[in-house]
Amino acid sequence: MSTDQGNFVDQLRVDDAPKKKKGAGPQISDRRTVPLSHRLKNSWQLYLLLLPAIVWVALFAYWPMYGIQIAFRDFTPVGGLTGSEFVGWKHFEKFLHSYNFWPLLRNTLVLAFYELIAGFPIPIILALALNAVRQKYFSRVVQLITYAPNFISIVVVVGILVMLLDPQTGIVPHAFELLGITPPAFLTDPGWFRHTYVWSGIWQTAGFSAIIYLAALSSVPPELHEAAKVDGASHVRRMWHIDVPAIMPIAVVLMILNVGSIMSVGFEKVLLMQNPLNLTTSQVIDTYVYEVGLKSPIPQYSYATAIGLFRSVVGLILLIAVNSLSRRITKAGLF
């Protein structure tokens, strides 16, 4: 039966339609038109919580960039930042034409790419393995054991390496001798420096990095695995077709971040493991900057700053290039 107001179903639709409350805030589409002053006034508590982080970034990330001009001057403490002579690209050209340029660049890139290629897939494999374990107690124990080394200081880690790999008192060389194998010089052989550096770093950070992938795997709907089981998919195929695609966006973002910092090889660890015998492979850009800028009898502040700025620019270019390539191939990127 119909009336002038419509049938019964139409009246229910009208009555059940959501009504806008009086005094409600602007809709999402209208928030862009709200002036900044009104947003600050309405949510000043949230901006107040954000203020310490903004101050920290401004003081320790942006304000020091004022000193970049040292790279373009012959800096002296007497003349200061603005009183020193402006020399333009002199220090950059000096570094690019020095005999140390190619060895430093090669050592830095080889060590960084070795660490990236060897260390990037291991947290993913560890996370997939822990997610596949049905005994949660065993999974938690393994997870605790694997991510606990992340909380050990770099100095302590290098001290452990020295104790284990020392040719006179180390456990590892003695184990090689018991097996009738001549132990390699882990700490002094230039060929073994990279292997020792990279795999000790993987041992320290793989477990903690796996937590990010485990968090992503926890958001995978169980219905997908149940449907795959009904279709007869094995555990390996379910892992490959369900779990791996679920963590790929996060893996891509982490890979881009790792490539962005590829020129900044771990300075502290390299410096602590460095000695005159392995210097041909352990001397990287960061340690060279420390050597010429602070450790040399006559510190070369401008030259060291130019080298550090060159490293940062190369890292930025790599970050932008890898992000663009990732967006074209996988449709996922950092920005």
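The end C-alpha atoms of residues 197-216 lie 29 Å apart, and this span is 100% helix and 0% strand, where helices (H or I, at least four residues) and strands (E, at least two) are DSSP runs numbered from the N terminus. The model is predicted, so that local features need pLDDT of at least 70 and side-chain atom pairs count only at pLDDT 80 or more, while totals for chains, interfaces and linings use all residues. Residues are numbered from 1 along each chain as its sequence is written, and side-chain values use heavy atoms, with hydrogens and water left out.

**Annotated spans**
- The unreviewed UniProt entry places the feature "transmembrane region" at several spans, including residues 197-216 and 246-267; such annotations may be inferred rather than shown by experiment.
- For residues 246-267, the end C-alpha atoms are 34 Å apart, and the span is 73% helix and 0% strand.

**Helix 12 and helix 13**
- Helix 12 (residues 222-230) packs with helix 13 (residues 235-260) at an angle of about 150°, their axes being 11 Å apart, with axes fitted to C-alpha atoms over the stretch in contact and angles running from 0 to 180 degrees between N-to-C directions.
- That makes helix 12 roughly antiparallel to helix 13, a term for angles over 145 degrees.
- Leu 224, His 225, Ala 228 and Lys 229 of helix 12 meet Arg 238, Ile 242 and Asp 243 of helix 13, contact meaning heavy atoms within 4.5 Å.

**Asn 275**
- Asn 275 sits in the loop between helix 14 (267-273) and helix 15 (279-282).
- Apart from neighbours within four places in sequence, Asn 275 is in contact with Leu 187 and Thr 188.

Notes
Parallel < 35°, antiparallel > 145°, perpendicular 65-115°, else oblique.
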